[in-house]
Amino acid sequence: MKSTIHEHQKSNLKTVSKKVIILLAILPLFSGCAEMQQVINQLPTEQGISQFEIASGLKEALNNGIDKQVVKLTAIDGFYKNEMVKILLPEELKKVDKGLRDIGMGKLADEGLKVLNKAAEDAVKESTPIFVDAIKGMTFTDAKNILLGDDRSATTYLQNSTSTALYGKFNPVIKNSFAKVGADKVWTNIINKYNSIPLVKKVNPDLTDYTTNKAMEGVFKMVAIEEKNIRTNIAARTSDLLKRVFSLQDKK
């Protein structure tokens, strides 16, 4: 009888030791005492999936969106040949496009559209570090809310967390890209040609700002595609972690 009790105590001790080892292994990932305490308090869950795993699964899903989808926008014609994100002319320039085509300058109009999309393509290459920082900053509360949210909750989190930084990064890159590919000269020529047409209302749009915002819209559209895929297509959950974490969402 004493032997049985002893063995049971040893078994319990091993179980506790394993939990302590796991906890000690992940604590260095958190810098603040409050956050460490949160890890300790929230690590176990009734469904057998820890808050730490949920956060890790959401981070993996967002990284997949960046690695599999956003990277497509950095390829040659990544915007221009992708109808989901292709940057079209702003409303005030649609009449410019039509006006040029009406006087036989369709080639110039096409060139103007291509250089906008090329500038966006260049800008997206600068986005990854900003996304990485935002994903690292995801809290347990963020992760739980995202997991049980709608099909683009993770994308919305990323959008809210990065839009200001992305604009600050994209805007000068697009401005430089305009100069590099000659977009500024192309559009100066286009607008001057249009403004010289008799009786038209003169235009002078801020194409750098417009293209910056459209490039950001395109990035988040691509992240949302991958997020929805992982949420709705079990085959897209390419790791055990994604399968375990998103199975909770399936049950909501």
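Helices here are DSSP runs of H or I with at least four residues, numbered from the N terminus. Keep that in mind for the tour of this predicted model.

**Stop 1: the whole chain**

Show the protein chain as a cartoon. It has 11 helices and 0 strands. Read along the sequence, the pattern is α-α-α-α-α-α-α-α-α-α-α. Now colour by burial. Of the 252 residues, 43% count as buried. Residues 24 or more positions apart account for 79% of them.

**Stop 2: helix H10**

Select Glu227 and Arg231. They form a salt bridge, with the closest N and O atoms 2.9 Å apart. How many residues separate Glu227 and Arg231 in helix H10? They are 4 apart, so about one helical turn lies between them. An α-helix has 3.6 residues a turn, so residues three or four places apart point the same way. Check burial for both partners. Glu227 has a relative accessible area of 5% and is buried. Arg231, at 4%, counts as buried too.

**Stop 3: from H10 to H3**

Stay on H10, residues 207-232, and pick Glu226. Lys68 lies in helix H3, so the pair ties together parts that are 158 residues apart in sequence. Are the two partners buried or partly exposed? Lys68 is partly exposed, at 35% relative accessibility. Glu226 is buried, at 3%.

Now select all of H3, residues 51-69. This helix has 19 residues. From its first C-alpha to its last it reaches 27 Å, close to the 27 Å expected at 1.5 Å a residue. Highlight its buried residues: Gln51, Ile54, Ala55, Gly57, Leu58, Ala61, Leu62, Asn64, Gly65, Ile66 and Gln69.

**Stop 4: Phe79**

Move along to the loop between H3 and H4 and select Phe79. Its relative accessibility is 0%, so Phe79 counts as buried. Show what surrounds the residue. Leaving aside residues up to four places away in sequence, Phe79 touches Leu73, Val85, Lys86, Ile87, Asn117, Ala120, Glu121, Val124, Lys214, Ala215 and Gly218. Draw a C-alpha to C-alpha distance from Phe79 to Ala120. The pair is 41 residues apart in sequence and 7.3 Å apart in space.

**Stop 5: H4 against H9**

Select helix H4, residues 91-102, and helix H9, residues 183-195. Two packed helices are described by the angle between their axes and the distance between the axes. Here the axes come within 10 Å and cross at roughly 75°. That makes H4 roughly perpendicular to H9. Show side chains at the contact. From H4 come Leu93, Lys95, Val96, Gly99 and Leu100. They meet Trp187, Ile190, Lys193 and Tyr194 in H9. By class, the contact has 6 nonpolar, 1 polar and 2 charged residues.

**Stop 6: more salt bridges**

Select Arg101 and Asp110. Their side chains meet in a salt bridge, 2.7 Å from N to O. Arg101 is partly exposed, at 36% relative accessibility. Asp110 is also partly exposed, with a relative accessible area of 33%.

Next, select Lys118, Glu121, Asp122, Lys125 and Lys180. What links these residues? They are joined in a network of salt bridges. To finish, display every salt bridge in the structure: a search of the whole finds 11.

Terms used: Residues are numbered from 1 along each chain as its sequence is written. This is a predicted model: local features need pLDDT of at least 70, side-chain atom pairs count only at pLDDT 80 or more; totals for chains, interfaces and linings use all residues. Side-chain values use heavy atoms; hydrogens and water are left out. Axes are lines fitted to C-alpha atoms, for helices over the stretch in contact, and angles run from 0 to 180 degrees between N-to-C directions. Helices (H or I, at least four residues) and strands (E, at least two) are DSSP runs, numbered from the N terminus. Angles under 35 degrees count as roughly parallel, over 145 as roughly antiparallel, 65 to 115 as roughly perpendicular and the rest as oblique. Contact means heavy atoms within 4.5 Å. Ala, Val, Leu, Ile, Met, Phe, Trp, Tyr, Cys and Pro count as nonpolar, Asp, Glu, Lys and Arg as charged, and the others, Gly among them, as polar. The expected span of a helix is 1.5 Å times one less than its number of residues. Buried means under 20% relative accessible area, exposed over 50%, partly exposed in between (1.4 Å probe, protein chains only). A salt bridge is a side-chain nitrogen of Lys or Arg within 4 Å of a carboxyl oxygen of Asp or Glu.
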